[in-house]
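Dear colleague,

I am handing over the structure below. Please keep it open while you read the notes that come after it.

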Amino acid sequence: MSVNGSALKKSGCGDAKGIAPCWRLLGYAALLVVNLISPPVLASSFAGLGETSHGGFAIEASDFSADWSKVTGFDLTGWTFSDTTTDHALLVESPVVPAEIGLSVLVWLAAVLTSVPMLLVILEAITAMGFRHKRRPAVAPGKKFPRTVVLIPAHNEQDVISRCLASLSVDLPPNCRLLCVAHNCTDATAEVARNLGAEVVEVQDAGHGGKPDALKAGLRWLDANPPEVVVIVDADCVVSEGAVRILATRAWELNRPVMGAYFFAPADAEKGLATLSSLAVLLKNYVRPLGLRAMGLPCLLNGSGSAYPFQVIRNAPHGKGAIAEDYQLAIDLLERGYPTTFVPEARVDGQLPKRDDTALRQRRRWEHGHMFLAFRTAPRLMLEGLMRLDKNRLGLALEVAVPPLAFLGMMWVIAVSLSLALYAFNGHGGSLGFLTGTAAMFAAAVLMSWMRFAGIKSTLAALASVPGYLMWKLPMYREFFTRRETRWVKTARDSFNGAQHGLRTPFPG
C-alpha cells in the first residue's frame, strides 16, 4: 500500500505552543454555519423590513410565508397574528394542512439527526489537519519513570504473541515488567511467553467474558506487588519504539487514562475493500481523537495501546458486560472523574483479518456494541453533560453518538429519500439542500484527512470500493435490529509462517 511516508511523522498534536489561535477554530465554526444556512431563509427572514407602519417595521406576510415554506416546508398560511396594542390583525387565506406540517417536521428531524454526527466528524477532521506534531522526550529531565507493568491478555495466541513481546523488548524501561495473562488457553501461549522473558499467570475459568475477564484476573494478580501504571497491549499487536515510555509517563503525569494511536493494516493491500476498511479505522482511531485532543476534549478507548494509573484501572467496572468493552470503560472512567486523553506519539499496530467472514464477525462485535451504546448511553451522557455544564461529558456523548461510517451513510440515504418525498409532495426542497451541503462537506473533510495522513494514492485506490463496502455491511446493520450480537467473541487470528515476524504497517511514522 503506497502512502505518504512523512505524513504521519509530521502530523499530530503538539503542546500549547503548537496550537493554532482560537480565532482560527472560531473561523472554521463560523464558516460551517454560514455554509449551512440557506440563503433563501435569510432572505425570507428580512422580507419587508424597512416598510414603516405605525412607527415601526412591517413584514409582508404573504411574501414571508411563500419564501419560508419553499425552503423549510413549513406553511405559515392559516395562522392569525394579532397586535394587542394597535388592534391590527394579520389574516391569511389558505388553511394549514396538518399532514403537511407533520411530514415537514419528520423530514427535518431526520435531516438534523443525520447531519449532527456528520458535522462533528467534519469539525474533528478539520481541527486534526490544522495541527503539527512536536516530538517530546518521553520522560522529563530529572523525573523518575513510574513503576510500570505491561499487561498482555492472551487467549490461544501462540502464533502471534512472539511478535508482540519482541517489539516490547526493544525499548523496555528498567523498572517495567511484562505480564501475560494466558486466559483459558489450550495451546502453548504461556510457554512461548515465558521463554521470551514475560511473567505468566495462567487462568482457567468458566466465564465467556473474553478480554475483560482476562484483564480482571491480571489486575488481581498485581495486587500482591502493585505497580504505579498499567499499560495494556493486545497479544496480536506490534508496539513502536518508545510507545510504552510515552504512555506510562503521560498516564502518571495526568493521573488519568491515555490512549495511543492504534492502527490496523489491511491483510491484503491489493484488495480495495481491505484498504477502505483500514482507512475507516484510521479515521476512527487517529484522525478524530486527534481533533478531540486539539479541542481539549476526551476520546474513547479504542483497544490496544492504553495506559492507566493502577488504582484507577483496578477499581474500574471493566465494561459491565458490554461487547464494546473499551468504549464502555472510557465512559465508566469519565463518570468517575477520569477522562481519557489521546497520545498520538505512542503508536501500536495491528492487522485486519484476511478472511472476509472473520473480518465481518470482528466488525459485527465492534459495531453492534458501538451502536448499542450510541442508542442507550449517549443520550443519558449528553443529558448529564447539559445539566452539569460538563464539556467532557458532552464531548464524549457526541463522540459515542457518531455511528460507524457505513451506517451513517445509510442514515443519510434514508433522510434524503424522505426529503425527496417531501419535495414530490409539496415542492419544498430545503431539507434536501441542507443534506446535500452537509454530505458534500463531510465527504471533503474525510477525503482530505485520508490524503493528509495516509496519502493520495491509497485514498483514491479505496474509493472504488465504497459501494461494495456498504453492501458488505448492510446485513450486519439489519442484524443489529433483528439479531444483535450480545456475546464477546474473540477474533480468529490469521496463521503466520516462521519468517513473518513483523507487520507491514500502512502509515509509517
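What follows concerns aromatic rings and a charge over one of them.

This is a predicted model, in which local features need pLDDT of at least 70, side-chain atom pairs count only at pLDDT 80 or more, and totals for chains, interfaces and linings use all residues. Residues are numbered from 1 along each chain as its sequence is written, and side-chain values use heavy atoms, with hydrogens and water left out.

There are 5 aromatic pairs in the structure (ring centres of Phe, Tyr or Trp, the last by its six-membered ring, within 6.5 Å; planes under 30 degrees apart are stacked, over 60 edge-to-face, the rest tilted). One of them is Phe-263 with Tyr-286, a tilted pair with 5.4 Å between centres and 35° between planes. Phe-263 belongs to strand E10 (residues 258–265) and Tyr-286 to helix H10 (residues 272–294), so this pair links distant parts of the chain, 23 residues apart (helices, H or I, of at least four residues and strands, E, of at least two are DSSP runs numbered from the N terminus).

Phe-263 counts as buried because its relative accessibility is 2%, and Tyr-286 counts as buried at 1% (buried is under 20% relative accessible area, exposed over 50%, partly exposed in between, with a 1.4 Å probe and protein chains only).

Tyr-286 also pairs with Phe-453: the centres are 5.4 Å apart and the planes at 75°, so this pair is edge-to-face. Phe-453 lies in helix H17 (residues 430–454) and Tyr-286 in helix H10, so the pair ties together parts 167 residues apart in sequence. Phe-453 is buried, as is Tyr-286.

Ring pairs join Phe-263, Tyr-286, Phe-342 and Phe-453 into a cluster. Arg-347 lies over the face of Phe-263, 4.2 Å from the ring centre (the criterion is NZ of Lys or CZ of Arg within 6 Å of the ring centre and within 35 degrees of the ring normal).

Regards
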